[in-house]
Amino acid sequence: MSEKLGEIEAGEHSRPVTDDVDVDAGDRPATFRDVFGVAEYRALFGAAVLSWVGDYFAKVAVTFLVFSNTGSVLLSAIGFAISYLPWVAGGPVLAALAERYPYRRVMIICDVTRMALVGLMAVPQMPLPGLLLLLLGASLLTPPFQAARSAMVAQLLSGDQYVVGLSFQNMAGQAAQVAGYAVGGAVTAIDPQVALLINAATFAASTVLLWRGVRPRPVPVTHVERRSLLRETGDGLGLVFGHRVMRPTALVVFSVVGITIVPEGLAAAWAPTYGGGSQITGLLMAALPIGAVIGAIVTRMTGPERRLRLLKPLLLAGPLLLVGVLASPPFPVVITLVLLAAAAVNTVLVPLNGLFVQMLPNAYRARAFGIMLGGIQLTHAAAVLIAGAFAERFPVPLVVGVWALGGLLLMAVAVTTWPTEEVIKEEIAHAAALNRGPVPVPAASQPVAT
């Protein structure tokens with residue numbers, strides 16, 4: 001998500017402060033210069049990119065080490081999947097930790113600890129159980145780090161800066177994935193321990209960037225009674241899913257990512273339809289991140305008001321394009337359909353994220369972001385597993401097309417029941433009033449008006 005630079009005291013960042021950046025009002029989209037003119041955001045962005053690239057190095061290295069030591073495809077897959085386990089098993093609970101401490105401190109502690117754990121993974125002849133336990137320990141720190149980072153981004157960037165910053169961040173994340181896997185694979189082929197040491201070094205560099213480039217800030221909200229992590233997580237879930245704008249926003253985000261992930265998740269099984277081979281599989285898997293980059297570019301070139309007008313058409317366009325694979329078109333057409341569907345969805349996700357941020361009370365930022373990130377990870381896993389089970393019995397194009405058709409019906413319901421502009425404005429004003437007040441009201445004790 002995104003952040004903005006400025007002297008922000010506890011309870012005073014419902015409207016982030018900008019430094020030396022003047023963003024005009026109206027429908028002019030913010031520029032990358034506006035976004036990267038914020039010095040603290042540059043440091044935060046650099047730290048995030050380093051962590052992403054290093055993580056992909058580690059995924060490749062661990063998968064290789066497990067397979068080379070055991071010869072088991074299943075164990076190597078488990079090694080790859082462990083990094084996602086914390087999000088699925090308890091991401092929102094772990095993310096709630098970030099609400100209790102200053103965001104910068106949370107990120108630095110997570111990075112230093114991950115640096116040490118990944119460094120230990122690089123010890124030669126590390127037993128397999130030890131390797132996997134160290135990986136799990138490092139992965140458990142990802143949810144609080146990501147939640148704190150996302151909440152801080154929303155402090156540092158305001159208005160359309162946030163939306164444009166997020167679109168560029170998404171584009172950089174896709175590039176980091178490609179670069180991390182490609183370079184990490186090359187380094188791992190030479191020495192997997194070196195790849196792990198590089199991962200540890202990226203966490204060290206991220207720590208330095210955060211320490212030197214981001215100002216210390218107090219806990220965002222200090223006058224809220226703390227309860228158990230489970231209860232605070234429940235409060236966050238109650239806020240998000242009891243809110244008349246955040247609830248449909250979250251459900252739409254989970255739905256569209258669950259629709260568009262299926263072509264990538266079934267790429268290996270789909271490739272034989274077009275002659276098979278790793279090249280076809282790679283192209284199918286690459287279509288989604290390339291579409292995400294296109295979506296980020298469209299977001300940058302489109303003004304805030306136009307993005308909101310395009311919201312409903314693009315929500316329908318994403319699954320509608322994928323329905324076209326039911327006709328079993330040639331491979332170039334399939335790739336084009338998948339790429340355009342991904343572009344449509346990613347053009348929608350960023351403004352939805354910006355809308356979500358405007359609804360959040362300060363006391364719930366990290367928890368809410370943790371819920372969204374965890375929900376996306378869980379949706380990814382569930383969608384691929386369910387679609388994969390169907391693909392065991394039915395042709396992949398049929399599964400992808402019918403899955404998209406179901407998604408289209410779901411999006412049709414979503415756009416016809418979408419909150420009115422008046423409701424959205426009321427909830428933005430309500431959140432702003434809460435953030436200006438001396439005591440944020442827990443969702444459990446006073447639900448948002450419906």
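This is a predicted model: local features need pLDDT of at least 70, side-chain atom pairs count only at pLDDT 80 or more; totals for chains, interfaces and linings use all residues.
## The big picture

Let's start with what the chain is built from. It has 18 helices and 0 strands. Of its 450 residues, 53% are buried.

Now for who touches whom. Take the contacts with a separation of 6 or more: 85% of them link residues 24 or more positions apart.

The mean pLDDT of the chain is 78, with 82% of residues at 70 or more. Over residues 1-26, though, the pLDDT is below 50. That stretch still has 96 contacts in the model beyond near neighbours in sequence.

Residues 438-450 also stay under 50. Here the model has 24 contacts beyond four places in sequence.

## A closer look at helix α15

Helix α15 covers residues 331-358, which makes 28 residues. At 1.5 Å a residue it should span 40 Å, and its end C-alpha atoms are 42 Å apart, so the two values agree.

Is α15 largely enclosed or open? Because 23 of its 28 residues are buried, α15 is largely enclosed by the rest of the structure.

Helices α16 (365-391) and α17 (396-416) each give two or more residues to the patch.

Ile-386 lies in α16. With a relative accessible area of 43%, Ile-386 counts as partly exposed, a label for values between 20% and 50%.

Conventions. Residues are numbered from 1 along each chain as its sequence is written. Side-chain values use heavy atoms; hydrogens and water are left out. Helices (H or I, at least four residues) and strands (E, at least two) are DSSP runs, numbered from the N terminus. The expected span of a helix is 1.5 Å times one less than its number of residues. Buried means under 20% relative accessible area, exposed over 50%, partly exposed in between (1.4 Å probe, protein chains only). pLDDT is the predictor's confidence in each residue, from 0 to 100. Contact means heavy atoms within 4.5 Å.
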